[in-house]
Each structure stands twice: as C-alpha cells, then as structure tokens.
Amino acid sequence: MNELAEFSLLSDFQEAHPNIVRNIHSLRWIVRHRDQNGLADAGAVVKRQGRWYVHASKFAEWMLSGEDERYAA
C-alpha cells in the first residue's frame with residue numbers, strides 16, 4: 001500500500017470516523033496534547049505547510065495501545 005494513502009486531513013479523518021472521534025474539536029484537542037498523550041511518539045499526526053494530517057493505521061495503533069486514557073476524546 002502507498003504510505004501516503006494512509007494520510008488524511010484532520011477534518012477528513014474525523015468525518016470518515018465519527019464513531020472514533022465525535023467531532024473536529026475533539027480531534028484537535030487530541031492533536032494539541034499529542035506530546036502528553038503519546039500521539040506524537042506514535043507518529044500518528046504530521047504537520048506540513050501549516051496543515052495537520054492523520055496517519056490512519058498509526059492512529060489506530062495508538063488507540064489500541066491504550067496510552068494515557070485521560071486524553072481520549
């Protein structure tokens with residue numbers, strides 16, 4: 001699979017997975033706290049040219065790891 005196909009903008013990711021992240025504000029909150037909740041270490045989000053992208057399979061791995069549930073949306 002093409003690695004780039006795994007990435008989507010925050011809004012597109014949230015719209016595709018409303019059962020995982022209930023709204024864009026929740027997803028932005030998770031991204032804002034990425035250093036504390038382990039999302040940054042998981043490589044699940046990337047910022048390029050001022051826009052945030054979510055790597056779907058890495059985000060799923062992060063969710064399944066159960067790291068720091070205080071930051072779950």
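Colleague: What is the strand order of the open sheet, and in which sense do its strands pair?

Modeller: In this predicted model, the open sheet has 3 strands in the order β1-β3-β2, and the pairing is antiparallel.

Colleague: Why are β1 and β2 said to stand at the edges?

Modeller: β1 (7-9) and β2 (45-48) each have a single partner strand, so one side of each lacks a neighbour in the sheet. On average, and with direction ignored, neighbouring strands here are turned by 35° against each other.

Colleague: What makes β1 and β3 a pair?

Modeller: Pairing requires at least two bridges between two strands. β1 and β3 (residues 51-55) are joined by 3 bridges and run antiparallel, so they qualify as a pair. Within this pairing, F7 has H55 as its bridge partner.

Colleague: How do you know that β2 and β3 pair as well?

Modeller: The cut-off is again at least two bridges. β2 and β3 have 4 bridges in the antiparallel sense, and therefore they count as paired. V45 is bridged to V54 of β3, and K47 stands opposite W52. The hairpin that these two strands form has 2 residues between them, and in it Q49 takes a positive phi near 50°.

Colleague: What does H55 touch, leaving aside its neighbours within four places in sequence?

Modeller: H55 is in contact with E3, E6, F7, G43 and A44.

Colleague: What makes the H55 and E3 side chains a polar contact?

Modeller: The distance limit for a pair of N or O atoms is 3.5 Å. The side chains of H55 and E3 make their polar contact at 2.7 Å, which is within 3.5 Å.

Colleague: Which other residues of α2 are buried?

Modeller: Along with S26, the buried residues of α2 (residues 24-32) are I24, L27, I30 and V31.

Colleague: How do you know that they line one face of the helix?

Modeller: Seen down the axis of α2, the buried residues fall within an arc of 160°, so they line one face. The face turned away from that buried side carries the exposed residues H25 and R32.

Colleague: What covers the buried residues of α2?

Modeller: The cover includes the helices α1 (10-16), α3 (34-37), α4 (39-42) and α5, together with the strands β2 and β3.

Colleague: What makes N23 a cap of α2?

Modeller: A side-chain oxygen of N23 lies 3.1 Å from the backbone nitrogen of H25, at the N-terminal end of the helix. The limit for a polar contact is 3.5 Å, and 3.1 Å is within it.

Colleague: Why is A60 called partly exposed?

Modeller: Buried is under 20% and exposed is over 50%, with partly exposed in between. A60 has a relative accessible area of 34%, so A60 is partly exposed. A60 has its place in helix α5 (residues 56-65). The C-alpha atoms of A60 and A42 are separated by 9.8 Å, and the two residues are 18 apart along the chain.

Colleague: How many helices and strands are there in the protein chain, and how do they run?

Modeller: There are 5 helices and 3 strands, and from the N terminus on they run β-α-α-α-α-β-β-α.

Colleague: What are the totals for burial, contacts and accessible surface?

Modeller: The protein chain has 73 residues, and 29% of them count as buried. Of the contacts with a separation of 6 or more, 52% are between residues 24 or more positions apart. The accessible surface comes to about 4900 Å², and carbon and sulfur atoms hold 47% of it.

Technical notes. Residues are numbered from 1 along each chain as its sequence is written. This is a predicted model: local features need pLDDT of at least 70, side-chain atom pairs count only at pLDDT 80 or more; totals for chains, interfaces and linings use all residues. Side-chain values use heavy atoms; hydrogens and water are left out. Axes are lines fitted to C-alpha atoms, for helices over the stretch in contact, and angles run from 0 to 180 degrees between N-to-C directions. Buried means under 20% relative accessible area, exposed over 50%, partly exposed in between (1.4 Å probe, protein chains only). The arc is that of the directions from the helix axis to the C-beta atoms. Contact means heavy atoms within 4.5 Å. A polar contact is a pair of N or O atoms within 3.5 Å; within protein, one must be able to donate a hydrogen and the other to accept it, and residues adjacent in sequence count only if both atoms are side-chain atoms. Accessible areas come from the Shrake-Rupley method with a 1.4 Å probe; for residues, only the protein chains shown count as cover.
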